[in-house]
Amino acid sequence: MDQIIIEENKDKIIKNTEEDEEAEIDNSFIPVYHSFPVKDEDSQVVSAQDYRSILASKDGDFLLSSTGAQVKVSDLESKIVGLYFSANWYPPCTKFTDLLINVYQQLKDHSDPGFEVVFVSSDEDLDAFNTYKSSMPWLAIPFSDLDARRALTQKFDVEGIPTLIILQPNSNKDAAVISDGVELVYRYGVQAFPFTKERLEELKEKEKEKHDNQTLSNLLTYDGRDYLLAHPGPKQVPVTSLMGKTIGLYFSAQWCIPAFKFTPRLMSVYQKIKQQLEGKEDEDFEIVFVSSDRDQVQFVTYFETMPWLAVPYDDPTIKNLAKYFDIRGIPSLVVLGPDGKTVTKQGRSLINLYKGNAYPFTKTRVGILEKQMDEVAKGLPKTEHHSGHRHELTLVPEGHGGGAFICCDCDEQGYGWAYQCLECGYEVHPKCIKPVARSPGS
Ligand SMILES: [Zn+2]
Ligand SMILES: [Zn+2]
């Protein structure tokens, strides 16, 4: 074995796609994290600063710059350093690299403390490494130094890629090591700098404050625009007309294949909820399409098929909302309560699981539905043979791999109870099981 081998394991989704204002919202549920095989030996506990002695191991004490020049490891001493574990064969890595380059370029003139990134490659060969490295403006451990790459992977318990480990200068405390740099860069971009625990607390606090003060109007209006689009026309309806209603913010786009399947489902649920609420004076439900379509024509033709409202095409609000709600893939449905506060970001799963019964999507409502589902699950067979899979499937509750999953039969998100293949991880909704009789041994 002459390199770190990473087991292909595309079925296991560890994290979802992450999105940022620069990055386009992509298809839903592309795995963004590739897991390494679990290590069999315990990694040694060494203090955080020892990473420099690992870097300066076998082939001399230098790193490679973007132009291939040798840079002394000691140059890192006073800097905040991001160890970037990545490989060019894995799309979530290259996607994150683009984002990190953007952040790096904004920080590169920051002198005190300085910021540097060191690429720790999991590429398959030297050519792949060189190609990938040439796209990066920062330093890299020479590809030949397998020992250093391995030692760092072990030392920082890196379990998959992309991973960004951030180390503070002059801090020997392991507590100062930040291991979820990828998440932080996706979430806060350059704002996360200098990546100290204090800074992160501050950002969290700010975010909480924003969410506490959230209103429909500060979410949906922008710089003088205080209306949304409605049919026919489109005509304009004031944002104030939505106050007091339960609102679904529907992040979607015509080009998105999962949305192609989900939108009709959402429409039918929308009509049902509207029917249920007919005649009620104090309650109403509305959906607002938040489009990431790539041009106006696509937006217009897609919106024409929808019975609800929309934020105008390309309005700056769209990017702000995606960032604010940390939308990591589309389609996505965020539900706001009559007071304008967030009720759930799991609208899509809830619609898939409970259809119109999910309304009004509150914790109380979902709690009742979950109990009902547990009751139903009690009556289901413990194991099933499903026509779409050759192994026997076992009924598993949430927490047994039955947490959030993608149903292999209908390709939609599932949550809670699932029929799972204990051999290969294949999972389907209980409602999607197509039982087949199978004699033992066949
Ligand atoms: Zn299904
Ligand atoms: Zn199987």
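Me: In which loop is P232 found?

Reply: P232 is found in the loop between strand 9 (227–230) and strand 10 (235–238), where helices (H or I, at least four residues) and strands (E, at least two) are DSSP runs numbered from the N terminus. This is a predicted model, in which local features need pLDDT of at least 70, side-chain atom pairs count only at pLDDT 80 or more, and totals for chains, interfaces and linings use all residues. Residues are numbered from 1 along each chain as its sequence is written, while chains are lettered from A and ligands numbered from 1 in the order in which they are written.

Me: Which peptide bonds are cis, and what is omega for each?

Reply: Most residues other than glycine have a negative phi, and most peptide bonds are trans. Here the bond from H231 to P232 is cis, with omega near -15°, and a cis peptide bond also joins F193 and P194, with omega about 5°. P194 sits in the loop between helix 5 (181–188) and helix 6 (197–212).

Me: What is the phi of D223, and is D223 buried or exposed?

Reply: A residue is buried if 20 or more other C-beta atoms lie within 10 Å of its own, exposed if 12 or fewer, and partly exposed in between, with C-beta atoms placed from the backbone. D223, in the loop between helix 7 (216–220) and strand 9, is not a glycine but has a positive phi of about 40°; it is exposed because 8 other C-beta atoms lie within 10 Å. K355 likewise is not a glycine and has a positive phi, of about 50°, but it counts as partly exposed, with 15 C-beta neighbours inside 10 Å.

Me: Why is strand 8 largely enclosed by the rest of the structure?

Reply: Strand 8 (residues 163–167) is largely enclosed because 5 of its 5 residues are buried. On one side these are T163, I165 and L167, and on the other L164 and I166, so that both faces are covered. Strand 8 pairs with strand 4 (residues 80–86) in the antiparallel sense over 5 bridges, pairing being assigned if DSSP finds at least two bridges between two strands, and I165 is the bridge partner of L83.

Me: Which residues touch the most other members of the largest nonpolar core?

Reply: In soluble globular proteins, nonpolar side chains tend to be buried together. A nonpolar core is a set of buried Ala, Val, Leu, Ile, Met, Phe, Trp, Tyr and Cys residues joined through C-beta atoms within 7 Å. In the largest, of 48 residues, L228, L249, Y250, V288, F289, V290 and A310 touch the most other members, and helix 8 (residues 257–277) gives the most to this core, with 6 residues.
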